[in-house]
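Let's take a walk through this structure together. We'll start with the DNA, then move on to a helix and a strand.

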Protein chains: 2
Amino acid sequence: MELSSRKKKILAAVVEEYIRTAEPVGSKAIAATGDLKCSSATIRNELAELVSLGYLEQPHTSAGRVPTPLGYRMYVSELMERQELSPEETAAIDRGLGERLQETGQLMNDAGRLASQMTNYPALTLAARPAATISRFDLIYIDANTFIIVVMLSNDTVQNKLVHLPVSVDQSMIQKLGTLFNAHFTGVSEEEITPTVIHAAERAAEDNLGLTAVIAAFAIEVLSTAQEAQAYLVGESQLLHQPEFRDPDKAHRLMSYLSDGGHLLDLPLSDLGGENEIRVLIGPENVAEELKDSSVVIASYDAGDNMRGLIGVVGPTRMDYSKVAAKLSFIAAGLSRRLGGGSMPPPGLDNKLIIKGEDSNGQTEES
Amino acid sequence: MELSSRKKKILAAVVEEYIRTAEPVGSKAIAATGDLKCSSATIRNELAELVSLGYLEQPHTSAGRVPTPLGYRMYVSELMERQELSPEETAAIDRGLGERLQETGQLMNDAGRLASQMTNYPALTLAARPAATISRFDLIYIDANTFIIVVMLSNDTVQNKLVHLPVSVDQSMIQKLGTLFNAHFTGVSEEEITPTVIHAAERAAEDNLGLTAVIAAFAIEVLSTAQEAQAYLVGESQLLHQPEFRDPDKAHRLMSYLSDGGHLLDLPLSDLGGENEIRVLIGPENVAEELKDSSVVIASYDAGDNMRGLIGVVGPTRMDYSKVAAKLSFIAAGLSRRLGGGSMPPPGLDNKLIIKGEDSNGQTEES
DNA sequence: GTTGGCACTCTTGCCTTACGAGTGCTAATT
DNA sequence: AATTAGCACTCGTAAGGCAAGAGTGCCAAC
């Protein structure tokens with residue numbers, strides 16, 4: 001059933017006022033905004049209907065109304081006006097991200113910090129990496145007991161390791177191993193480096209010192225960490241600003257859930273969504289029990305090397321979705337521009353964002 | 001002035017009881033412990049004296065007594081009994097640290113997490129690195145537009161970078177540059193790589209593509225990050241357990257101070273202290289304003305490669321110093337054993353720890 | 001020097017009361 | 001038929017007052 005235009009206006013007013021004040025909002029307050037040209041009595045009637053439709057609820061009789069998750073969902077999906085960032089804000093973000101190229105992990109962390117600062121909510125960043133293969137080995141002979149393994153991956157990352165040996169090797173052995181590994185262990189994935197294969201290589205190299213095993217182990221390690229998703233969380237303490245987390249126990253529950261980084265990966269990563277698309281998960285739409293009365297807003301960005309990353313914030317369901325979405329979107333676009341390989345839309349386009357959410361039965365709908 | 005033995009006993013009892021309950025402790029409660037064989041009236045007299053000596057204070061007339069920072073200092077320096085960890089606890093720590101060798105940053109983070117879990121306070125870990133020089137360059141030619149720079153430092157860390165060029169180079173050029181850098185840029189510190197030197201090298205290599213500058217820039221970057229202290233903080237939310245942080249504003253102030261990692265470096269790093277030595281900074285002994293009514297307990301460990309690391313926890317002044325010191329000491333010893341180069345004392349010795357603190361005028365004294 | 005006793009203080013919890021915001025309903029109005 | 005004004009009612013919150021309890025300081029006795 002489609003809501004009447006007036007109901008929509010009233011619902012939007014309730015949500016916005018509640019977001020602003022964190023207090024249940026009454027009929028009078030809505031009438032006072034002046035957007036509606038009807039009396040508080042009329043609004044009372046409408047409010048009563050919105051309650052019975054499930055969009056609003058009352059903490060107790062004779063209190064004002066508070067949006068339900070369904071109410072927020074409706075607001076976010078259909079009612080909310082897209083916010084434009086002020087020039088100061090966009091400038092602050094651009095400045096915050098900086099221009100220097102940094103190690104991806106560092107940049108993600110900085111971006112998270114920025115997102116947290118700009119929104120006053122805890123922020124999370126996350127980068128999933130696609131499977132990679134090894135494209136090249138280099139073994140650098142240092143001295144009889146030392147050499148360096150340098151491994152380059154198909155996604156252009158390079159890893160190295162310094163190996164100290166308890167025994168002596170000569171340079172020719174290291175060279176031979178290098179050639180061998182380049183011949184047999186490039187283009188393979190982690191699973192293909194089986195003990196059998198390693199053993200075969202060991203014999204081929206006439207290696208009785210276990211060097212082959214060391215190199216192979218490092219190759220496996222590099223491949224596995226290359227695929228590992230990285231997650232960062234920043235600004236947990238921001239939660240304490242929010243009136244809904246004045247109860248330290250409640251705050252602690254959510255914070256310890258969040259800071260146990262592993263859980264971040266429970267997020268719906270599978271469908272990362274496209275550029276300029278913001279996902280909003282409201283209260284019970286979250287799978288994790290601990291997030292059932294919080295909301296998560298996520299933007300996705302192009303992290304280069306065929307990686308997609310996620311940046312988002314967590315807050316109470318009473319969250320300033322509109323502002324947060326605009327800011328995250330801008331930050332994500334900024335990240336894409338800095339990290340991404342492909343051509344990006346110019347910054348001016350960032351505000352035309354698509355907001356995508358999930359309604360309570362898990363389906364995806366679009367505004 | 002030396003306190004009478006009975007005063008010492010009473011002071012210790014007050015501190016311990018207060019640590020346990022977080023409630024001001026009265027004369028009756030102390031008499032009830034049975035350690036003293038005198039009545040509550042006598043204890044009252046002694047308490048009054050301890051107050052006038054500055055070791056205790058009363059939140060208000062007719063409330064029990066609470067230790068002052070000076071009282072804690074006395075307790076930690078002279079009164080506190082060294083705690084022995086139970087076999088379960090030592091086993092838990094050993095298990096927590098694991099045996100696998102990991103990247104240092106990762107291990108520090110894990111150790112911090114463990115310290116936080118074991119003590120129920122936020123934990124910080126920190127590794128200061130001594131200045132290093134570059135001991136070796138390797139340039140790996142990939143194709144006409146790509147090569148890898150591998151830099152090995154005097155402290156045995158190795159860093160690399162993949163360079164994509166907008167122009168073509170041939171392999172001999174890369175080789176020439178490698179030889180040149182190994183000849184002129186090894187053994188030098190960050191400051192010695194000046195624009196003048198780079199320019200000279202550029203001419204010597206007949207490099208008109210700016211490759212010399214790229215490599216030199218990377219060398220500088222590696223040197224500077226190698227010296228950078230790393231700091232991690234984990235378990236902020238644990239603060240919320242503590243009654244003294246039930247006030248969200250207070251909790252937030254400290255947490256945001258802590259999570260802004262830079263501040264960790266304000267700690268008295270200069271004198272890292274030796275093995276098996278625990279430093280305790282109580283309330284106003286901390287330099288940072290934000291820590292004036294919190295305490296910090298720090299252990300130091302041998303992080304290998306001539307590095308010393310710090311691991312510590314932050315909590316209210318009403319902290320279980322004895323337990324925390326024992327646990328941190330054991331964790332630090334465990335880290336030293338895993339990371340350290342030198343020979344370590346066997347785990348059994350860990351409990352004989354020395355506690356070192358600073359009294360209020362900043363001098364260092366030893367117990 | 002130690003102890004029992006006692007009056008005094010001050011916080012804490014609890015109860016009661018008063019207030020006010022907000023509702024729901026009814027009857028009048030457009 | 002929708003809107004509005006009016007009004008009684010509900011319920012949470014803040015304020016005041018009261019009693020209880022914990023703890024002290026002091027005095028006199030041991």
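A polar contact here is a pair of N or O atoms within 3.5 Å. Keep in mind that this is a predicted model.

With that cut-off in hand, have a look at DNA strand C. How far does a polar side-chain atom of A:Arg65 lie from a phosphate oxygen of DNA strand C? The distance is 3.0 Å. The table puts this pair beside two others.

| Protein atom | Atom of DNA strand C | Distance |
|---|---|---|
| A:Arg65, polar side-chain atom | phosphate oxygen | 3.0 Å |
| B:Ser39, backbone N or O atom | phosphate oxygen | 3.0 Å |
| A:Arg44, polar side-chain atom | base nitrogen | 3.1 Å |

As for elements, two helices each give two or more residues to the surface near DNA strand C: helix H3 (40–53) of chain A and helix H3 (40–53) of chain B. H3(B) supplies the largest share, four residues.

In total, 19 residues surround DNA strand C, and the closest are A:Ser27, A:Arg65, B:Arg6, B:Thr42 and B:Ser62. Sorted by class, this surface has eleven polar, four nonpolar and four charged residues. And which parts of the DNA lie by the protein? Of the atoms of DNA strand C within 4 Å of the protein, 78% belong to sugar or phosphate, and the rest belong to bases.

After the helix comes B:Gly98, which has a positive phi, near 70°.

Last stop: a strand in chain B. Strand E3 takes in residues 123–128 of chain B and is mostly covered, with five of its six residues buried. What does E3(B) pair with? One partner is strand E7 (residues 230–234) of chain B, which runs antiparallel to E3(B) and is joined to it by five bridges. Within that pairing, B:Thr125 has B:Tyr232 as its bridge partner. E3(B) also pairs in the antiparallel sense with strand E10 (residues 308–316) of chain B, this time over six bridges.

Definitions and conventions: Residues numbered from 1 in each chain as written. Chains lettered and ligands numbered in written order. Predicted model: local features only at pLDDT ≥ 70, side-chain atom pairs only at ≥ 80, totals over all residues. Heavy atoms only, no water. Near = heavy atom within 4 Å. Polar contact = N/O pair within 3.5 Å; in protein donor to acceptor, adjacent residues only side chain to side chain. Nonpolar A, V, L, I, M, F, W, Y, C, P; charged D, E, K, R; others polar. Buried < 20%, exposed > 50% of the residue type's maximum accessible area, 1.4 Å probe, protein only. Pairing = 2+ DSSP bridges.
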